[in-house]
Amino acid sequence: MEKNNTGSDFLHVGNRLLEWYRNNARDLPFRQTKDPYKIWICEIVFQQTRINQGLNHYNNFIKRFPDVKTLAEAEENEVLLYWKGLGYYSRAINIHKASQQIMNDYQGVFPAQYEEILKLKGVGKYTAAAVSSICFGGRMPAVDGNFYRVLSRFFADDFDISNSRAFTYFSELAALVMPENVGDFNQAMMDIGSEICKPKNPLCGECPINEDCIAFSLQKISDYPVKTKKVKAEDLALTYYFVHRNEQFLIRQRGDDFIWKKLFEFPSSISAEMEAFITNSKTITHKLTHKNLIIEIFNVNVTSEALWNDFIAENQYEITDIQGSHEKSFPKPLENYIQNSLKD
């Protein structure tokens, strides 16, 4: 599609979106504030989580860490604990590090400029644009999947959204319809994309800009957005040993590399002597974004106190129990295993 240079032909579309937003905006707690800290946290929380699934997590997180200083001074494990249930735990690690950046590099004051926000750990172009526009009047469209979908349908534009230039390309498209109030415009686009211009079964009859939508007029909504086929997720096999004695079991914390950063896990190997105490095994499948995990967990019920003590002495494992595990953050399949295993 050949883009208009001035955008004047489309500004009424942006204004119509603002009018729709004023009357239909979702009533969400983070929309009652311009506090950049809270807007930043909400944007990170809802990157990979639906609003209805993540709202309680957001509220609990903000209640415990109400400002940058509180978050920066917290222990990383506690931050991970309050992120429990949201997944993609690297986001929690990043916001913790970013809060320390703000304290150290910006004297505890959240940066106002898009370019400075972008320097924060774990913050991408979308989040920086959202925070700068909503909180500081910045004029950057917060281009995400909602923008790709709404704009590609509105303009019947077949630019591949998986292309590395997609953010820049659709930012230019957004500028054609972007009104003066960019913060509300960005939130309007989020709501339109989430509530009306859905990936499947969009509610085109309720859309405030349907009369100008080219894909709608051509009855080709399902053709957009265009995206090349995803790379097939790789299979990854993992082996764990649930080593327990009475109601206690052994865990350790993962490092910064690979999947499940800084979460707790079971031992991944045992001695030949310990193998005699394996009572059964269970295979669990679990999907990550780019990995299909096949997890085999061996149940090791150690009845020998001497062997239990020797194994702990030789390895850097932590002893915990069901109650103690509630204070730790585990990958979801391991958390589920803990809840079920000791009930048997």
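I started at D310 and placed it in helix α13, residues 305-314. The model is a predicted one. How exposed is D310? I read 43% relative accessibility, so D310 counts as partly exposed; the band for that class runs between 20% and 50%. D310 belongs to a negative surface patch, together with E273, E275 and E314.

**Whole chain**

I stepped back to the overall layout. I counted 15 helices and six strands in the chain. The C-alpha atoms fill a box of roughly 80 × 45 × 30 Å along the principal axes. The chain has 344 residues, and buried ones make up 48% of them.

**Annotated domain**

I checked the UniProt record next. An unreviewed entry annotates residues 45-195 as "domain: HhH-GPD". What is the secondary structure of that span? I found 64% helix and 0% strand. The end C-alpha atoms of residues 45-195 lie 19 Å apart.

**Salt bridges**

I moved on to charge pairs. Side chains of opposite charge can pair when their charged atoms come close. How many salt bridges does the structure hold? The total is 16. I looked up several of them.

*R64 and E78.* I noted a salt bridge here, with the closest N and O atoms 2.7 Å apart. R64 sits in helix α3 (residues 51-64) and E78 in helix α5 (residues 76-82), so the pair ties together parts that are 14 residues apart in sequence.

Which parts of the chain does the pair link? E180 is in the loop between α10 (166-177) and α11 (182-196), and R139 is in the loop between α8 (125-136) and α9 (145-154). The two are 41 residues apart, and the pair links distant parts of the chain. I classed E180 as exposed because its relative accessibility is 69%. R139 stands at 41%, so R139 counts as partly exposed.

*E234 and K291.* I turned to the strands for this one. The closest N and O atoms of this salt bridge are 3.1 Å apart. E234 lies in strand β1 (residues 234-245) and K291 in strand β5 (residues 291-301). Again distant parts of the chain are linked, here 57 residues apart. E234 has a relative accessible area of 48%, so I put E234 down as partly exposed.

*A network.* Which residues are joined by salt bridges that share partners? I listed R26, R31, D191 and E195, which form one network.

**V231**

My last stop was V231, in the loop between α12 (214-217) and β1. Is V231 buried or exposed? The relative accessible area is 76%, so V231 is exposed. I then took the C-alpha distance from V231 to H290 and got 8.2 Å. In sequence, V231 and H290 are 59 residues apart.

Note on methods
Residues numbered from 1 in each chain as written. Predicted model: local features only at pLDDT ≥ 70, side-chain atom pairs only at ≥ 80, totals over all residues. Heavy atoms only, no water. UniProt positions renumbered as here; feature names shortened; annotations may be inferred. Helix = DSSP H or I, 4+ residues; strand = E, 2+ residues; numbered from the N terminus. Patch = residues over 30% accessible without salt bridge, like charges linked within 9 Å, V, L, I, M, F, W, Y side chains within 5 Å. Areas by Shrake-Rupley, 256 points an atom, 1.4 Å probe, with all protein chains shown as cover. Salt bridge = Lys/Arg side-chain N within 4 Å of Asp/Glu carboxyl O. Lys, Arg positive; Asp, Glu negative; His and termini not counted. Charge placed at Lys NZ, Arg CZ, Asp CG, Glu CD. Buried < 20%, exposed > 50% of the residue type's maximum accessible area, 1.4 Å probe, protein only.
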